[in-house]
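Here are a few notes to read alongside the model.

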Amino acid sequence: MILIAGATLLANNIVRPLRPSMDDAAIARLAKAFVPVMSLVCVGFTLSGGDTIVQLLLMGYNFVTQLFPCFLASLMRRNPLDKRAAAAGIIAGVVTVAATTISGFSLAPYPQARPCATSISVCWRWW
């Protein structure tokens with residue numbers, strides 16, 4: 001199910017803008033052709049190390065989390081934020097997550113850090 005959804009997203013959001021003349025039937029055939037390709041890519045990620053998939057998943061969750069403040073602001077009667085604030089939050093979050101992921105930085109080796117600071121996901125409960 002996830003492979004079909006991913007292949008459809010790839011066909012609709014990547015290929016269709018590059019080739020606007022393709023009709024829906026051609027996009028559907030292309031999406032079906034992308035499923036085995038995406039399967040092989042996922043198997044390659046899994047065999048090269050399961051951490052790769054986990055890191056991609058965590059970065060995806062972090063992307064959604066970065067939109068949360070703008071989402072809350074959008075529920076206000078007079079929204080103080082606009083699309084530039086949402087973009088700035090996404091860019092700052094992606095840069096931070098990418099830097100910490102690539103460098104392998106963790107607060108776990110520091111004993112003076114509060115127990116909740118060793119994991120960002122746990123930290124939300126304590127602050």
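Which residue forms a salt bridge with Asp 24? Arg 16 does, with the closest N and O atoms 2.9 Å apart.

1. Ground rules. This is a predicted model, in which local features need pLDDT of at least 70, side-chain atom pairs count only at pLDDT 80 or more, and totals for chains, interfaces and linings use all residues. Residues are numbered from 1 along each chain as its sequence is written, and side-chain values use heavy atoms, with hydrogens and water left out.

2. Overall layout. The protein chain has six helices and zero strands; helices (H or I, at least four residues) and strands (E, at least two) are DSSP runs, numbered from the N terminus. Along the sequence the pattern reads α-α-α-α-α-α. Of the 127 residues, 14% count as buried, where buried means under 20% relative accessible area, exposed over 50%, and partly exposed in between (1.4 Å probe, protein chains only).

3. The pair at Asp 24. Side chains of opposite charge can pair when their charged atoms come close. The criterion used here for a salt bridge is a side-chain nitrogen of Lys or Arg within 4 Å of a carboxyl oxygen of Asp or Glu. Asp 24 is found in helix H2 and counts as exposed because its relative accessibility is 57%. For another distance to check, Asp 24 and Asn 12 are 12 residues apart in sequence and 9.3 Å apart in space, C-alpha to C-alpha.

4. The other pair. A search of the whole structure finds two salt bridges. Besides the one at Asp 24, the side chains of Asp 82 and Arg 84 meet at 2.7 Å, N to O. Asp 82 is partly exposed because its relative accessibility is 35%, while Arg 84 is exposed, with a relative accessible area of 63%.

5. How H1 and H2 cross. The axes of helix H1 (residues 2-18) and H2 come within 7 Å and cross at roughly 120°. That makes H1 oblique to H2, since angles under 35 degrees count as roughly parallel, over 145 as roughly antiparallel, 65 to 115 as roughly perpendicular and the rest as oblique. Axes here are lines fitted to C-alpha atoms, for helices over the stretch in contact, with angles from 0 to 180 degrees between N-to-C directions.

6. A nonpolar patch. Val 37, Val 41, Phe 45 and Leu 56 make a nonpolar surface patch of about 320 Å². Such patches take residues with over 30% relative accessible area and no salt bridge, joining nonpolar side chains (Val, Leu, Ile, Met, Phe, Trp, Tyr) within 5 Å and like charges within 9 Å; areas come from the Shrake-Rupley method with a 1.4 Å probe, and for residues only the protein chains shown count as cover. Helix H2 (residues 24-48) gives the most, with three residues. Leu 56 lies in helix H3 (residues 50-66) and counts as partly exposed because its relative accessibility is 47%.
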